[in-house]
Amino acid sequence: MSLNCWEMLGIEPTDDQDIIRNAYRKKLPEYHPETNPQGFQDLRHAYEEAKKGIQAEFVPVSALSPKEEFEQKLLRTDESEQQPEDNSEPHPEQAAIDQMLAEFDILQTRPDKRYTPEGWHEYIQSLDLNSFEVIDQLRWRLLKKCYDTDCISKKCALILAERMRWKQRLTELSDEQAHYMGRYLDFLEKGDIFDFEILSEMSLGAQTDCVQYFNYIQYLFWEKPAWMLKAYLQMNTAVYWPDIPELKELLPRWYSHAGLGYQELADYCLQRLADEPDSNNWLYLYASQCSLAGNDERALPYWIRLHTKEQHAAAEEWLITWCMNHSPERLPLLIQAFDRPQYASAQGVNIDAMEQNYITPTQTTTTLARWGLAAQSELPQLAQDYVAWRLSDSLQHKILRHLIQDDGSDPLLRYYRHASMLTLGEERLLQQILDEKRPSDPLDALILRGLKHQAQQRLTWLQTSAVVSIFTTWLYERHLGTLPDIFSDRNSDAYRQCINWLAQRRWMSPKELERLYQCELFSDNLDISYDWICFIALNNNTLLPQPDEHEDYWEWCRRSYLLVLLLEKPAESLEMIHQIERLNLPQEHPAYVFYQLIKSLNPTQGDLVHQYRDKLQLSNILQYHSWTRLPITPENFLDSEQVTISYSTDHFYMTSQEWRERIWATPALSQMIFYAACGYHGINSRTDRFTQLIEEIEPGGEEDKDLKKALLNSKPFTLSKHGNKTFLSALADAIIRLNNDVHRTLSEAQKKILLDGQSNVEQDIALRLAAKMMLLTSSSRSKQTGKASHSQPSKVWEFWRLNSRLNRTGFAAQLVLGSLASFILAYLMSRSSSAVSGQLLLLVYLLVNVLSAQIRRLNDLDYATPVKIGLILISIVFPPVILFLLFKQGVPSATKAGPPASGWFNRS
């Protein structure tokens, strides 16, 4: 490359094409082709020489990409279109071609011509003076010139494009070149940001700075992140801003997108909004500028108006942010109101149709993400609990404890009730949402509008869903029918719709509750309300009163939720229940006693939970259930004299982390005994779980290993090496023997040993708890046996009650008195009829009496059936064996055949 070219251009050697081009343009006015043709040729030659080796092949640019991005997309041209080498023959009319290219460059340096259509038309007139051959040679070179020219006027370039027929002749190029050239021409058709012709009286530099500035703003606005536009707009720049309507309309858009607000722009937007009151664009821009300028209160009603008109996404985000900062107690309500899932119509859709996928009520992914964001914010307790429930159905009690306080006096709490009833409410509660009057506050009105929309969706679903219709028919029909197979698939949309229906609070009869609870498909997926109501109805014979037709249905729901909370989470709900001022609770309602007890608590006398715990009457099964859900420590459990059911030990271990940690801190031997007691005598049917825990324990000594084996196999075992041998042996023996015989109870001696061990505070907590569990089990069995036999031993003369028991004096009395009665009866019958043998009758009567007495006495000795049969057969062969039964002491703990008798002649 000749070094003279750099001297001609007046720059140092460089590879920067922009520097070369700018130097060429600066020199052009000094070498005009008409006044100094030779100088122009030399300058042109220097320019071409400087570009050799670094000039990129020609390709049109895309509409909005910056120059540095386009250079990576340049295409290679065919060899025939590349720069000819120095030894190639010039075109016969090369001078004319060079002259027209130079005139184009000069046009771009004329500030009074470059942006005026007249200047371009003059150039085209000059171009038309040339031959068709010259024009063909210039066609694509001029397009490249347009591409290479900074700050070109698109409006003017389109004039040349039409003359050169660039778009119509794209087929002359390769497919790739045609694609990129077509994009560039499309870019030109978008027009200029404003009419550049108004810049004609300015200097070339001022024109260039102005056009570059606004072009780059427009590019950043469309193509780059908002922070880049913001940074550019905030730069200190001296540039001419034309006072024209086109730019005034663009400024609010640019600055709003960049997050910059000015009161002047807000005022301009308000003026335009007054001119075009139905324009959502000006409504958005005015709201944006108000909020960006720091006037949120002024912006709020306009954002609400914008969202009401078209559910604008930016309005939603701004309102959520504003609510988070200024009204956090309403944030969950606003998020719920903005949840707008689109459901297909359920009318006429079969239960197994694919359309069911779009019918099941759900939340949008945007709403779920917003719940996650709200959970990380500092919100009031009510708002926090609502968000927690929406993120996890298992936390339903958190919002219920607030809702039971809703007596209609607090509008905010009522709106939370409406929002909750979108999921928990049946038809009447959904209708209450629709009937709610429009509030005067614009934000509350927006919230209620969204809740009403969703309530109508839910109500329509309940009324038209084929799944709901089939399920409710099965649940309410008189005779139990069969559900379609599709309901057995827990992943099906039909099943999910049933679960959604069951989440809604409804009264059900005992038959319906039993049908629901016994159906395995649904019983293990009931929410806490139905789960408890089914449980107490079927296990404790406690039913909720039916709703009164003349009473607000919500009041019935409040009472139901109150009872459920006291059974499920009493400690977390007590304070809020105590604050309830108005609640109509009939005396026959199961929650009445609870409510009166809670209202009697005095916060000034200490912790409400402790007061509540101490006042509960555990003989009442519902209050006992509530007690087991309180934070009871092992010491509280051991000290309570009201505890009568053994399964609560098992329950506390499974539900309380404190209990588990206390048990884990005890020796392995104590843990094994505790787990065995829970596994074999817990009513919660967790035998496999606790036996697995025993298996996981690695005992130290051989005797401990033998005990582990005995506990797992439920075989009697006696400890010999432990210093606490008597208590441990009695406890292990009681666990195993009471497990092997479901009617067995503890003897008085065993009770004393276990009671002493339970009361010993130096004994480890696991053994004390296991001892109390066995005492409760024995006591429970004694009561059940006493009820079964009217709590009285059998009479001596009741010889036909073979499943009863006789003590030693009773056995002797039945033998003597029964023999005497047999003799008298045989004598009388033989005298009344000569056909009857008195001796044979006497033998039969005596045999029956002796057998009855033996069986009843053996029951008192708690012998197994094979032993009883063997002793009876031996007594037939060797009658003196019967005397053994007169001296053997009975087993008081054997209650299978009734309570033991301690008095003479089998009297208690």
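The second largest cavity holds about 40 Å³ of space. By cavity I mean a set of points, on a 1 Å grid over the protein atoms alone, where a 1.4 Å probe fits but cannot get out. Volume is the space filled by probe spheres set on the points, with grid points joined across faces, edges and corners.

This is a predicted model, so local features need pLDDT of at least 70 and side-chain atom pairs count only at pLDDT 80 or more, while totals for chains, interfaces and linings use all residues. Residues are numbered from 1 along each chain as its sequence is written, and side-chain values use heavy atoms, without hydrogens and water.

Back to that cavity. Its lining (residues with an atom within 4 Å of a point) includes Gln-854, Leu-858, Leu-871 and Phe-884. At least two lining residues come from each of helix 44 (838-860), helix 45 (865-877) and helix 46 (884-887). Helices here are DSSP runs of H or I, at least four residues, and strands are E runs of at least two, numbered from the N terminus. The lining has six nonpolar residues, two polar and no charged. Nonpolar covers Ala, Val, Leu, Ile, Met, Phe, Trp, Tyr, Cys and Pro; charged is Asp, Glu, Lys and Arg; the others, Gly among them, are polar.

Now the largest cavity, at about 90 Å³. Of its 14 lining residues, Gln-336, Asp-339, Thr-362, Gln-454 and Arg-458 are closest to the centre. That lining is five nonpolar, six polar and three charged.

As for the whole chain, there are 46 helices and zero strands. Of 908 residues, 50% are buried, meaning under 20% relative accessible area with a 1.4 Å probe, protein chains only.

Conventions:
On a 1 Å grid over the protein atoms alone, a cavity is a set of points where a 1.4 Å probe fits but cannot get out, and a pocket is an open set with protein on both sides within 12 Å along at least five of seven lines; lining residues have an atom within 4 Å of a point.
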